[in-house]
Amino acid sequence: MKLIEPTNFIEEEINKDLESGKAKEVITRFPPEPSGYWHIGHCKAIMIDFETAKKYGGYTYLRMDDTNPSKEDGDFADSYLADLKWLGYTPKKLIYASEAYFDGIYEIAENLIKSGDAYIDEQSAEELSKSRGTLTTPGKESPYRNRPIEESLKIFRDMKAGKYPEGKVVLRAKIDMAHPNMNMRDPVIYRVQHMSHYRTGNKWCIYPMYDFAHPLEDALEGVTFSLCDMSFEDHRPLYNWVLEKGWKKKYAPRQIEFAKLNLENVLLGKRYLRRLVDSKLVLGWDDPRFLTIVGMKRRGYTAQGIKDFLKSAGVTKADSVIPLSALYYHIRNDLNNVATRAMVVLDPLKVVITNYDKDSEEIEIENNPNNENAGSHKALFSKEIYIEKEDFSLNPPPKYNRLVEGGIVRLKGAYIIKCNKVVLKDNGEIDHLECEYLPNTKSGQDNSGIKCKGTIHFVSAKNCFKVTIRDFKNLIKEQYVDPMKALEDGVSLEELLTPNSMTESVAYAENFLKTAKVEDKFQFMRKGYYCLDKDSTKDSLIFNSTISLKDSFKVK
RNA sequence: UGGGGUGUCGCCAAGCGGUAAGGCAUUGGACUCUGACUCCAACAUCCGUAGGUUCGAAUCCUACCACCCCAGCCA
């Protein structure tokens, strides 16, 4: 297998093993417990697993780490496969650990008992916990620790046969009750659980613990590098112990840990998201304010943008917290390449072109100025149009180069207009503007020589329809940079939430948008990126605000 | 007070004994029929602290400090 130029410490380690012959190839696995939705943190791990293997010409398995029937509430395989596909990854194979490896793991457990490396303990859960000792004091050995091997073997088989209730007996690895690493103090490796498993039904009533199952699953399926987050670093000695005692083959998988992703002002904890979903405070697991994969997809983020961001964040062992602005940068960057430009007026102000006598005329709008192949579409210019309220000012701040009384501005794709009169309502608010267009200034055929410092977008009254716009604020208030910590400090979930983080408004969109399909991505020129939401119906379109355009205009 | 990890610009992050890459953010400015994009420029004499080794250290050694993780029959 080829060596590559390493781009992070994991690849450096892999290169070493490949060179020394400790490993022959790079086969990885992504091992979710099928119990919930994936979020951006999972994306990081997925990307590391898939990209690393791919670089070395290896491959990656998707393995359901389903060793606990009490927590796994259904078959998430389809949704996981869909998420992976959306991210652009295809697993070599989908594997259910429960179906593929439980027999093998059980057999190895019996071997461990026979070799004196595991024993049946009959202490209660509390006794077990108490005798484990503390971080600074050693634990006490169980009175059952040195029982005859035959006795342990018989009980273990009876456990499997369903002769024991839950909690009565467990199988423990015999390691060292005084070990400074708590994980090595005779960890439980099998427990009784009388319940139906979503895949294996009632075939089993004993289930292996993660620490015992994981290394063996890796070994059994031929995984060579088992990449996980730093919280498993303390488990590595146990991982290796299990392989040494239970696997005993020349080639064994190697666990390497990396730091997981942390984002400022983002809450990813499953139980909290579930509370928000259950209490209907959000639209669902795919709420556009969530950083779940389905949420980001619905929001209008692109897989490419997410991956670009993750790539830029790097792979290290150091704790880090990345600001959302870094994510936004990459989302905007990718959207800029793929989003179709359209004109939508979010907050309309009517403008009458007093000297325009024709019914209307076509104008052309480029679909994407950064991509020549994107083509263009037609829009209309007519006597009555709408512009953005904020694009006209009676008291313009310095450097305001939009429309002012008596001033000119270019209408994107159409003519330069001059504002002659501001018509007010009885209450003093602006009702509409009366402007004149300068006939020889049409886009593409302007020979007037007139220089115009501002260009604004607009929509023709003859070429627009109403759409609903959904705007989102960050779910978590800005002051709670680390919402998880705030929660631990006793702040309530409700207190963390930004009030009215989703708002709806009505906008005037050019007719071109009538053909939009769900998830289609647009740039509403000069405003931001939007995508069509799945809640849309044929005559009521809803656009999610994915993210605004950067705006460097500052009023000083 | 045990064990395991981590400390390089506001935030990420290269660097692996030869004299501090890059990105985000920020600030100027150019360009622009999107105040977007793009483009230029500025932004760590210093690498947790203190000593030491060396002609030479962010990189080696020693001590200290800070932060994170671990006491589920969860994963």
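Analyst: T134 counts as partly exposed because its relative accessibility is 40% (buried is under 20% relative accessible area, exposed over 50%, and partly exposed in between, with a 1.4 Å probe and protein chains only). This is a predicted model, in which local features need pLDDT of at least 70 and side-chain atom pairs count only at pLDDT 80 or more, while totals for chains, interfaces and linings use all residues. Residues are numbered from 1 along each chain as its sequence is written, chains are lettered from A and ligands numbered from 1 in the order in which they are written, and side-chain values use heavy atoms, with hydrogens and water left out.

T134 lies in the loop that joins helix 5 (125–131) to helix 6 (helices are DSSP runs of H or I with at least four residues, strands are runs of E with at least two, and both are numbered from the N terminus). Setting aside residues up to four places away in sequence, T134 touches M182 and R185 (a contact means heavy atoms within 4.5 Å). The C-alpha atoms of T134 and A178 are 10.0 Å apart, although 44 residues separate the two in sequence.

Helix 4 contributes Y106, A109, E110, I113 and K114, which meet I149, S152, L153, F156, R157 and K160 of helix 6. By class, this contact holds six nonpolar, one polar and four charged residues (Ala, Val, Leu, Ile, Met, Phe, Trp, Tyr, Cys and Pro are nonpolar; Asp, Glu, Lys and Arg are charged; the others, Gly among them, are polar).

A second pair may be set beside this one. Helix 11 (residues 303–313) packs with helix 12 (residues 324–338) at an angle of about 140°, the axes lying 8 Å apart. Helix 11 and helix 12 are therefore oblique to each other, and helix 11 passes helix 12 in a right-handed crossing. Q304, G305, I306, D308, F309 and S312 of helix 11 make the contact with A326, L327, H330, I331 and D334 of helix 12. This contact comprises five nonpolar, four polar and two charged residues.

Two further sites give context. E221, in helix 7 (residues 210–221), counts as buried at 9% relative accessibility. Beyond its neighbours within four places in sequence, E221 is in contact with R29, Y61, R63, I95 and Y101. T468 sits in strand 23 (residues 464–472) and is buried at 19% relative accessibility. Apart from residues up to four places away in sequence, T468 touches E504, S505, L541, I542 and F543.

The cysteines complete the account. The count of disulfides is zero (a disulfide being a pair of cysteine sulfur atoms within 2.5 Å). C531 is in no disulfide, and the nearest cysteine sulfur, that of C43, is 17 Å away. C531 is buried, with a relative accessible area of 0%, and C205 counts as buried at 10%.

Definitions and conventions
Axes fitted to C-alpha atoms, helices over the stretch in contact; angles between N-to-C directions. Parallel < 35°, antiparallel > 145°, perpendicular 65-115°, else oblique. Left-handed = near helix turned anticlockwise from the far one by under 90°.
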